[in-house]
Amino acid sequence: MPTDKIYFKKFLRTAWDKGDYSTDDVIAFVLPLFRKVCGLHEMGLVAPFGNVRKTGLRGDIAQREEEALFVTMQVLDIDEQLAHAPVYNLDRIRTLFPEAQSRNFEVVGKTNLIVEDGSYPAYIPGYQSFEQVLGHHDPLTDIFCLGAILGSIALGLDLYEPDDLETFAAVRSNPSSYVERTGRDKAGPGKLADEGLPSFNNRLHPTIARLITEMTELDRSCRAQDLYDVIHRLEHYRDFDPEKTTDLSQVKGWVNKELSERDAFILNKLRNRLFDTSRRNRLLYYKPNMRFVNLTVSSVPVVLHYQSIRPEHLFIWNEELAEKLQGMKEIVLNKYLRFEDHAYLPSSLDRVRVESQRAIQEYGFNQLKLVIVFLSWHNLKEDPQERIQSPLLLLPVQLKKNKKLKEDHYIIKALDNAAEVNPVLAGQLRELYGIRLPDLVDLDEMSPEQFYQQVKTQIDEANQGIALNYIGKPRIRLIHGEAHQTVNNYRKRLRQQSQPGVSSYHQIPYSYKPEHYQPLGLEIFRSRIKTDAGALEFLTSGLSEPDTAAGAVPLREPELYQLAESENNPYSWDFDVCHMVLGNFNYKKMSLVRDYNVVIDQQWQHPVFDALFSQQPRTLKEHAFNLNRPDDWHHVIQADPTQTKAILQSRAGYSYIIQGPPGTGKSQTITNLIA
């Protein structure tokens with residue numbers, strides 16, 4: 001094996017000639033360097049990333065530069081002689097880059113390449129941090145440099161090259177979206193998954209991808225802080241240590257279920273059959289519709305600029321709302337909701353309220369829930385690219401309407417301070433990822449943020465690269481865009497309802513002559529469907545007034561709200577407390593789910609269950625039925641002889657099943673059995 005030293009910059013030119021590195025290759029290549037840098041930190045030194053030294057035999061001979069980073073024995077190493085004491089200049093970073101502390105900067109494309117005067121935080125060519133340009137170098141800076149090296153080798157990118165550096169800055173938040181190249185010189189720069197190539201990089205282990213993201217954060221407060229933990233995660237990237245598992249039975253407000261017994265296993269299977277995992281179930285695949293009212297979006301004022309919105313005025317989980325909900329106090333929604341801007345609110349709230357009352361009258365229980373936490377997640381086994389939004393914590397509430405002179409008051413009140421964990425979502429997460437969720441979360445004992453920490457601990461212990469983000473502050477720009485879109489859709493529906501049907505086109509001028517070509521379909525769209533831009537829309541689009549002189553209204557592409565960065569990353573999930581939705585969820589079968597949970601937890605025993613699932617053949621008892629003694633029947637409604645025989649057979653002392661198509665009298669038989 002050759003022992004010659006090759007400088008890292010030269011090594012990168014031929015590093016991927018034989019193909020991309022596997023995860024084990026990457027770890028074996030970089031782990032010695034990580035350990036050596038950790039040893040330097042223990043001695044109070046930092047690694048010489050980006051440093052060079054000049055060497056020469058005599059003073060009259062031109063000196064040459066040697067890099068501190070090199071490769072020997074197929075392992076990455078560093079020149080310890082160039083290690084030095086940390087250099088601190090945090091004041092300059094905080095002064096010049098205050099946005100770096102608030103995480104408001106964006107890092108996309110070539111704009112991330114820092115200029116010589118250091119005008120903004122960015123990714124710079126080579127394997128060093130922008131902090132070094134500003135004269136600051138501490139152990140956290142070394143972690144950034146090590147993360148750049150890890151990402152470079154894992155993704156096959158040479159960060160000395162501007163194009164590769166631009167690619168790295170674009171994909172570092174979701175490294176799995178970067179598809180491997182098949183040959184550096186032949187295939188050229190790598191491509192993202194949305195260019196028609198495979199959906200994501202299957203060879204890159206999620207743990208390595210997550211480490212690249214955490215270590216290369218420009219924001220120092222969000223960067224991985226512990227090099228010991230980084231090394232441990234590299235060494236044990238495939239391990240799951242059961243000793244580190246949190247004992248959930250000791251957590252207040254958390255119920256841990258053990259299904260090791262045979263009876264519990266059978267009951268669990270029967271319970272899971274009640275879960276509807278199809279796309280029709282809004283408990284799993286939530287989609288806005290007329291059955292739900294998004295209270296957060298409805299509290300957004302329709303303003304020209306989203307910077308005018310004050311977060312404390314939005315209907316989101318905060319101290320004020322938490323106190324009222326936990327104390328089961330009445331909350332007047334008119335204080336938060338903007339009825340003047342969202343004209344659809346009264347009818348939507350009335351529809352939700354009436355449907356809730358109907359469910360109580362017909363089914364005997366309340367289906368009205370307030371979703372206080374949403375989980376945005378991905379099914380990595382079936383469709384990794386689809387982002388699923390599911391309610392996670394639901395609070396049973398009551399909605400009342402008080403008539404007032406000017407504006408009716410809508411009042412909401414929590415019926416219990418224990419939030420129910422979505423049982424359908426809990427079942428899916430348990431089956432797919434082994435994530436255990438409780439039945440209820442007692443808000444007096446555990447806040448949503450504490451619940452988030454418990455769920456995050458389980459995900460981190462699985463060591464599969466999934467990151468759970470706590471969305472505790474509203475994304476004003478996104479919510480503002482969603483509110484605008486909701487209001488515009490409502491206005492469009494009103495205009496369509498007020499206009500005559502599309503079929504009555506006799507008054508629409510149209511022509512198919514070449515000199516005056518106006519096809520009927522296009523004229524129907526222009527006169528009946530297309531909406532003209534309003535005054536506010538011209539202001540927001542930078543136009544003062546429509547071009548009335550020309551007699552035409554300029555077409556403007558509708559501006560949709562921009563998705564958050566995490567929504568493009570299947571390994572980045574969101575625990576969102578900034579979207580609160582009120583609606584009636586289909587809980588008809590969920591009452592049976594709760595009954596199953598009680599039977600499993602209490603380990604109830606019953607001879608009927610034992611007989612149904614016994615492995616021994618069942619013996620039927622002989623019983624003579626006298627169908628000529630109506631006095632012993634006790635029927636309250638009419639029954640034919642077959643129904644009467646089934647009813648009398650219940651006196652034999654064993655259980656049986658009555659099966660038949662609709663209309664054969666099963667309900668009448670049940671009624672007479674009860675009588």
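Here is a conversation about how some features of this predicted model get their labels.

Visitor: What should I know before we start?

Guide: This is a predicted model, where local features need pLDDT of at least 70, side-chain atom pairs count only at pLDDT 80 or more, and totals for chains, interfaces and linings use all residues. Residues are numbered from 1 along each chain as its sequence is written, and side-chain values use heavy atoms, with hydrogens and water left out.

Visitor: Happy with that. How many helices and strands are there in the protein chain?

Guide: The protein chain has 23 helices and 19 strands. Helices (H or I, at least four residues) and strands (E, at least two) are DSSP runs, numbered from the N terminus.

Visitor: Let me try a residue. Why does D350 count as buried?

Guide: Buried means under 20% relative accessible area, exposed over 50%, and partly exposed in between, with a 1.4 Å probe and protein chains only. D350 has 19% relative accessibility, so D350 counts as buried. This residue belongs to helix α14 (residues 345-363). Neighbours within four places in sequence aside, D350 is in contact with K401 and Y410, where contact means heavy atoms within 4.5 Å. Across the protein chain of 675 residues, 44% count as buried.

Visitor: And what makes G19 partly exposed?

Guide: The relative accessibility of G19 is 29%, and therefore G19 counts as partly exposed. G19 sits in the loop between α1 (8-11) and α2 (23-42). The C-alpha atoms of G19 and G156 are 9.1 Å apart, while 137 residues separate the two along the chain.

Visitor: What makes α6 and α9 oblique to each other?

Guide: Helix α6 (residues 139-155) and helix α9 (residues 206-215) pack at about 140°, their axes 8 Å apart. The pair is therefore oblique. In α6, I143, F144, L146, G147, L150, G151 and A154 meet I208, L211, I212 and M215 of α9. This contact of α6 with α9 counts 9 nonpolar, 2 polar and no charged residues.

Visitor: Now the aromatics. How many aromatic pairs does the structure hold?

Guide: The structure holds 18 aromatic pairs. Rings of Phe, Tyr and Trp (its six-membered ring) pair if their centres lie within 6.5 Å; planes under 30 degrees apart count as stacked, over 60 as edge-to-face and the rest as tilted.

Visitor: Why is the pair of F8 and F11 called stacked?

Guide: Their ring centres are 6.3 Å apart and their planes at 20°, so the pair is stacked. Both F8 and F11 lie in helix α1, 3 residues apart, about one turn of the helix. F8 and F11 are both buried.

Visitor: What makes the pair of F292 and F585 tilted?

Guide: The centres of these rings are 4.8 Å apart and the planes are at 40°, so the pair of F292 and F585 is tilted. It links distant parts of the chain, 293 residues apart: F292 is in strand β8 (residues 292-294) and F585 in the loop between β19 (581-584) and α20 (590-602). Both F292 and F585 are buried.

Visitor: One last residue. How do you know that Q74 is exposed?

Guide: Q74 has a relative accessible area of 51%, so Q74 is exposed. This residue is in the loop between β4 (69-72) and β5 (75-78). Q74 also has a positive phi of about 60° although it is not a glycine. Most residues other than glycine have a negative phi.

Technical notes: Axes fitted to C-alpha atoms, helices over the stretch in contact; angles between N-to-C directions. Parallel < 35°, antiparallel > 145°, perpendicular 65-115°, else oblique. Nonpolar A, V, L, I, M, F, W, Y, C, P; charged D, E, K, R; others polar.
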